[in-house]
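Colleague: Please walk me through this model. I will ask, you answer.

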Amino acid sequence: YVDLDNPAFDEVLSLWKAYWLDSTNLSEVEVDEMEKSVRALSFIPEDEIALLLSEAGFGKVAKFFQTNMFGGWICKAE
C-alpha cells in the first residue's frame, strides 16, 4: 500500500532497493528487475484500504503487519 501521488513514494522505493542490495547477494540488475515488478503493482493508499474494508461490511479493522510498502490487515465481518 502506498499513495502513488505522494512524493515520498520514490524515497520509500529507494529504501526498499537499498535493503535488497545490502541484505542479499542479488545484483543491481536483479534488483532493478524486481523494482520494475513492484512499480507494476496496483498500490492504493492506506486510508482507501480501510474504506474498502468498511464498505465491504468489515469492522474492527486493524493493521497487524507492515514492511516498507506492504502491509496486512485483520478485520471482522459485521
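This is a predicted model: local features need pLDDT of at least 70, side-chain atom pairs count only at pLDDT 80 or more; totals for chains, interfaces and linings use all residues.

Modeller: Residues are numbered from 1 along each chain as its sequence is written, and side-chain values use heavy atoms, with hydrogens and water left out.

Colleague: Which pattern does the protein chain follow along the sequence?

Modeller: Helices (H or I, at least four residues) and strands (E, at least two) are DSSP runs, numbered from the N terminus. The protein chain has three helices and two strands. Read along the sequence, the pattern is α-α-α-β-β.

Colleague: What radius of gyration does the protein chain have?

Modeller: The radius is taken over C-alpha atoms, and the globule rule is 2.2 Å times the number of residues to the power 0.38. The C-alpha trace spans about 45 × 25 × 15 Å along its principal axes. A compact globule of 78 residues would come near 12 Å, but the protein chain has 15 Å.

Colleague: How many residues apart in sequence are the parts that the pair Phe43 and Phe70 ties together?

Modeller: Rings of Phe, Tyr and Trp (its six-membered ring) pair if their centres lie within 6.5 Å; planes under 30 degrees apart count as stacked, over 60 as edge-to-face and the rest as tilted. The structure holds five aromatic pairs. One of them, Phe43 and Phe70, is tilted, at 6.3 Å centre to centre and 50° between the planes. Phe43 lies in the loop between α2 (28-39) and α3 (46-55) and Phe70 in strand β2 (residues 70-77), so the parts tied together are 27 residues apart.
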